[in-house]
Amino acid sequence: AARQNLCCAANALLRRKNFAAPQNFLCGRAPLNTKIVGGVDAAPGTWPWQASLQTFYNFCGGSLINNLWVLTAAHCFPTGFTVFLGRQDQGGSNPNEQSRTISRIVCHPDYSGSTNDNDICLLQLSSAVTFTDYIAPVCLAADGSTFNSGIINWVTGWGTTSPVSFLPFIGSAADILQEVDLPIVGNRECDCSYGRITNNMICAGLSAGGKDSCQGDSGGPLVVKQGPQWVQSGVVSFGQGCALPKFPGVYARVSEYQAWINGIITTNQPGFVDFRSGGINTLTCGSAPMNTRDSRGLVQSAGVWPWIASLQVNGTHMCGGTLVTADAVLSDASCFTM
């Protein structure tokens, strides 16, 4: 389900305050950075690009990418909403906050509500915000950036903090901005769970579940640090429930949209950073590159069936199994009855 908040109670709109602008702000710098399911409270100023999109409550997140534009998800939008920046607490005082209405909404022309492909949108603010330690733009992953399996990213938002696996859902939205660290899951492995992962998507989550973005976090940023800069790799898009085992969260892959974003924002363009990660992507499930056999039941060579497992006791083979993810094997329950 798309991760827009559908049921949170209304929060009062909070005070607005202007700030003097410090000089030489660069994208991706968070000088104060020393609940999401499984997350923790973020300290004020830790994620200075985080935006809260609100009608009477936070229904989606977003990220500030320059002083006049916010990046978010295409599936998010009602009408008549306000963007809050520098916000920490949805239920209390926010002395570092600035708010803006929206003058223009530009969603990707190829966005598909049925597949969630190209789930990305740009919001032009009614007037420029003033950068502070608490409000600053994030860098964006440039075209060709790589995010291999296992690389740790962070996702932030005020969405539901309880795992849900169905809609309509009942969950508690966070008051304090939440943060959680998640490893990237390669698209090939992710597609084994969903069957509809495209090159415009990036996945992140734990095989065992327990940590994830959720309803109300839609549109928010997935970011990774490279040197002194934070780089946005993804935009919260959809998932099977929240924090379920074997179903990582799915995000719009920012690096696929550099040309589109620069085509919309022609002046004061966002900062794009080439991110190159270590590690490797994961194999496609069902791929057996060494297997050239037919159906004739011949003795098999090494590597022909790369998912086969041997379950052994004291060095003796007792049962077979099938590798289904990097850390899970499927077998027969009778193998484990005594």
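**Labels and their cut-offs**

Colleague: Why is F247 called partly exposed?
Modeller: F247 has a relative accessible area of 25%. Buried means under 20%, exposed over 50%, and partly exposed in between (1.4 Å probe, protein chains only), so F247 falls in the middle class.

Colleague: What do these values rest on?
Modeller: This is a predicted model, in which local features need pLDDT of at least 70 and side-chain atom pairs count only at pLDDT 80 or more, while totals for chains, interfaces and linings use all residues. Residues are numbered from 1 along each chain as its sequence is written, and side-chain values use heavy atoms, with hydrogens and water left out.

Colleague: How many aromatic pairs are there?
Modeller: The whole structure has nine. One of them, F77 with F81, is stacked, with 5.3 Å centre to centre and 25° between the planes. Rings of Phe, Tyr and Trp (its six-membered ring) pair if their centres lie within 6.5 Å; planes under 30 degrees apart count as stacked, over 60 as edge-to-face and the rest as tilted.

Colleague: Are F77 and F81 buried or partly exposed?
Modeller: F77 is partly exposed at 23% relative accessibility, whereas F81 is buried at 6%.

Colleague: What makes the pair of Y194 and F247 edge-to-face?
Modeller: Their ring centres are 5.3 Å apart and their planes stand at 80°, so the pair is edge-to-face. Y194 lies in helix 1 and F247 in the loop between strand 14 (229-238) and strand 15 (249-253), so the pair ties together parts 53 residues apart in sequence. Helices (H or I, at least four residues) and strands (E, at least two) are DSSP runs, numbered from the N terminus.

Colleague: How do you know that C60 and C76 form a disulfide?
Modeller: Their sulfur atoms are 2.1 Å apart, and a disulfide is a pair of cysteine sulfur atoms within 2.5 Å, so the pair qualifies. C60 sits in strand 3 (residues 58-64) and C76 in the loop between strand 4 (69-72) and strand 5 (82-85), so the link joins parts 16 residues apart in sequence. Both C60 and C76 are buried.

Colleague: Why is the disulfide of C190 and C203 called left-handed?
Modeller: The torsion about its S-S bond is about -85°, so the link is left-handed. It connects distant parts of the chain, C190 in helix 1 (residues 187-194) and C203 in strand 12 (residues 201-204), 13 residues apart.
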